[in-house]
Amino acid sequence: MLARGMLIVLSGPSGVGKGTVREAMLKESINKFKYSVSMTTRPMRPGEKNGIDYFFCSKNEFEEKIRQGEMLEYARYVDNYYGTPLRYVQDTLASGNDVFLEIEVKGAMQVRKKMPDGVFIFLTPPDLASLRSRITHRGSEDSTTIDKRMEKARQEIKMMSNYDYAVVNDEVPKAVKRIEQIVNSEHLRVSRVIDSYRKMIGDK
Ligand code: 5GP
């Protein structure tokens, strides 16, 4: 029997750079994993491709998927739905491959409940000043909106206690290395390998 793959969930407050770290992981990491492409109702941004960055769909289509039980998790974020299609995750893990999710915190908590043997990694800013500067440089929001986003980020950072690991995103290549170390160690966890050793010694 094929060993089941491992689910790796990268999450963290809005503006911390999850997308950038995810892209770097996919390009540079020595770890071989399959990225689960999310589904969203938000409009496509220039340069994005359907099926690569996201599966873009309408609100009705998304709500139908929820009704049919086809989403592992989903969340509403800035008036749009974002979610992880269940089938891809199930099939990929069953085929022995690791699956990598990059999702916001509410969705990550739903996954934690359904798949507690996943590895839950919380990406953190080195400090609040650098988070503010990231949020400020990202868009053309006024200072009230930025204050609101910062307050939301503070609330989200409290969620860290629900995760297994905290990774500081001070520099992207360093964050990638830290995540690789976690993934490598998690592969050696006794609970993940014991079945194959039991088989080796003929223990039922
Ligand atoms: P963006 O619109 O900038 O691509 O993503 C907005 C937020 O949605 C980011 O925090 C990203 O991590 C999160 N996100 C992307 N895909 C998913 C998903 O499948 N589920 C959840 N819960 N959040 C997601």
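The structure is a predicted model, in which local features need pLDDT of at least 70 and side-chain atom pairs count only at pLDDT 80 or more, while totals for chains, interfaces and linings use all residues. Residues are numbered from 1 along each chain as its sequence is written, and side-chain values use heavy atoms, with hydrogens and water left out.

I begin with the ligand. There are 15 residues around the ligand, and S38, R42, Y54, Y82 and E102 come nearest. Here a residue is near a molecule if one of its heavy atoms lies within 4 Å of it. In the side chain of S38, an N or O atom is 2.6 Å from an oxygen atom of the ligand. For the side chain of R45, the corresponding distance to a ligand oxygen is 3.2 Å. With E104 the ligand atom is a nitrogen, 2.7 Å from an N or O atom of the side chain. How much of the ligand does the protein bury? Taken alone, the ligand exposes 510 Å², and the protein buries 90% of that. Such areas come from the Shrake-Rupley method with a 1.4 Å probe; for residues, only the protein chains shown count as cover.

R42 also takes part in a salt bridge, with E48, where the closest N and O atoms are 2.9 Å apart. A salt bridge is a side-chain nitrogen of Lys or Arg within 4 Å of a carboxyl oxygen of Asp or Glu. R42 counts as buried because its relative accessibility is 7%, and E48 is buried at 17%. Buried means under 20% relative accessible area, exposed means over 50%, and partly exposed lies in between, using a 1.4 Å probe and protein chains only.

By this rule the count comes to 14 salt bridges. Another of them joins the side chains of D170 and R178, at 2.9 Å from N to O. D170 is partly exposed at 38%, and R178 is partly exposed at 27%.

The largest nonpolar core has 25 residues, of which I121 and I179 touch the most other members. A nonpolar core is a set of buried Ala, Val, Leu, Ile, Met, Phe, Trp, Tyr and Cys residues joined through side-chain atoms within 4.5 Å. Among the elements that give two or more residues to this core are β1 (7–11), β8 (119–124) and α7 (172–187). The largest share, five residues, comes from α7. Helices (H or I, at least four residues) and strands (E, at least two) are DSSP runs, numbered from the N terminus.

Strand β6 (residues 80–85) contains T84, which counts as buried because its relative accessibility is 0%. The side chain of T84 makes a polar contact with the side chain of E73, at 2.5 Å.

Finally, the surface. Y197, M200 and I201 make a nonpolar patch of about 380 Å². Patches are made of residues with over 30% relative accessible area and no salt bridge; like charges are joined within 9 Å, and nonpolar side chains (Val, Leu, Ile, Met, Phe, Trp, Tyr) within 5 Å. Y197 lies in helix α8 (residues 190–200) and counts as partly exposed, at 48%.

Methods
Polar contact = N/O pair within 3.5 Å; in protein donor to acceptor, adjacent residues only side chain to side chain.
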